[in-house]
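Here is a short tour for a first look. Keep the sequence and the 3D view side by side as you read.

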Amino acid sequence: MSENEQTAPGRRVVVVGAGMAGVQTAVALREQGFTGTITLIGAEPHQPYDRPPLSKAVLLGNAEHSAFDVDFDALSVDLRLGREVGGLRAGEHELDTPAGPVPYDVLVIATGAEPVTLPGAEGVPGVHLLRTLDDAERLRPVLAKRHRIVVVGAGWIGAEFATAAREAGCEVAVVEAADRPLPGALPAEVAAPMARWYAEAGAELLTGARVAAVEQGAVVVEGGRRLPADAVVVGIGARPATRWLAGSGIGLDPDGAVTADERLRTSLPDVYAVGDCASFPSGRYGRRLLVHHWDNALQGPRTVAAGIVGADTGEGSQPGEIYDPVPYFWSEQFGRFVQYAGHHGAADALLRRGDPDAPAWSVLWLLDGVLVAVLTVGRPRDLAQGRRLVEVGARIDPGRAADPAVPLKAAVL
């Protein structure tokens, strides 16, 4: 097959969403030999950018932006920014946009997730979310003035923002309805020791505290305590940004995520979904996963591109291109580097490596003796080795694995 026969001429791929998943889909298509047209549509007016620096370098004024180092002109990608897609008409293979309909031959949905808002806080002055570059730019002067800040939610975003606010010299209180930080991500015995990190950093953490009201200048928690707040930052989770797909006929799960298959194809013909907006079946874990993390948005596009290019060549996706990753994410908070790989939901055993009161420690999850997930705090070697062992389904000697002096790879049976 000659190079110019690799893909059908004139095929139009339209990618909705200009975050990591959307940008990497365009890049992967060109890397894999796609020669048709690529249109990348983004709702924000800014050049496509990476999100993790928003809660760190951009927020603290150490960087003005986090734009991707991608030459869209060189890739022949038609970049259309500041355009929010309003609907999908699958029968006509068209998208509805304020600038008129956009036709496609293949559609990739990569619209990511949107933050959950706090009921009763809408329209109250001084209430912020942290999801976009504009959000970070609005919050940057708040930190610069060393305001009193109340953070609602002690999840990953709440912890990272509280970290940045303390670094900026702000007075910080964090309000969490659950009895511990990271309640939706980690079990109590793992997350509870992390509560001490807040006090060590000079931030007040209120657990088991529900917000009763948000007023201008204060947050009132149930029981009547009033927390002064020059600014309130809400970080209580995110949901797939898929409301624009209402009425399209596309399959969604109860979380609102597009239900993609093992090759990230949706229930509609010629439509793929990737990143934070899509769930996928994991053969590795025997369940459908919805992964709201950067690495998922980086890796999934390669599978999408392989499917599109394979369909063009008539070869289709090969078995090796099934998407079944070991989920991975990291978080920098309160001077600690936290990493996680795998999925511990079905685990039947938990092993500790090291003292959770120490600066560095790890936690392992096993299922029938097989390593299925690993969390590390300041132990990057455990993460690197553990991630590989999760990937290959390694069986672990619990006694050796629990000894932090023994390399994880040396604990394999």
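## Helix α3

This is a predicted model. Start with helix α3, which covers residues 156-167 and has 12 residues. From its first C-alpha to its last, α3 reaches 17 Å. That is close to the 16 Å expected at 1.5 Å a residue.

Helix α3 is mostly covered, with nine of its 12 residues buried. Among the buried ones are Trp156, Glu160, Phe161 and Thr163. Gly158, Ala159, Ala162, Ala164 and Ala165 are buried too. Just after α3 comes Gly169, with a positive phi of about 90 degrees.

## Phe161 and the cores

Which residues does Phe161 touch, leaving aside its neighbours within four places in sequence? Phe161 is in contact with Leu59, Leu130, Leu139, Leu143, Ile149, Val151 and Val233. In soluble globular proteins, nonpolar side chains tend to be buried together.

Phe161 also belongs to the largest nonpolar core, which has 94 residues. Phe161 is among the residues with the most contacts inside that core, along with Leu143, Ile149, Leu186, Ile308, Trp365 and Leu375. Helix α1 supplies the largest share of this core, seven residues. A second core is separate and has 20 residues, including Val14, Leu88, Leu107 and Leu268.

## The parallel sheet

Five strands form an open sheet. Their order is β3-β2-β1-β7-β19, and the pairing is parallel. Strands β3 (77-80) and β19 (271-273) stand at the edges. Each has a single partner strand, so one side of each is left without a neighbour in the sheet. Neighbouring strands are turned by 15 degrees against each other on average, direction ignored.

Look next at β1 (residues 12-16) and β7 (residues 106-109). These two strands run parallel and are joined by four bridges. Val15 has Val108 in β7 as its bridge partner. Helix α1 (residues 20-31) lies across β1, β2 (37-41), β3 and β7. Against β2, helix α1 runs at about 170 degrees.

## A hairpin

How do strands β22 and β23 pair, in the parallel or the antiparallel sense? Strand β22 (residues 328-333) and strand β23 (residues 336-342) pair in the antiparallel sense, over six bridges. In one of the bridges, Phe329 has Tyr340 in β23 as its partner.

Together β22 and β23 form a hairpin with two residues between them. Phe334 sits in the turn and has a positive phi of about 50 degrees.

Conventions. Residues numbered from 1 in each chain as written. Predicted model: local features only at pLDDT ≥ 70, side-chain atom pairs only at ≥ 80, totals over all residues. Heavy atoms only, no water. Pairing = 2+ DSSP bridges. Axes fitted to C-alpha atoms, helices over the stretch in contact; angles between N-to-C directions. Contact = heavy atoms within 4.5 Å. Expected span 1.5 Å × (residues − 1). Buried < 20%, exposed > 50% of the residue type's maximum accessible area, 1.4 Å probe, protein only. Core = buried A, V, L, I, M, F, W, Y, C linked by side-chain atoms within 4.5 Å.
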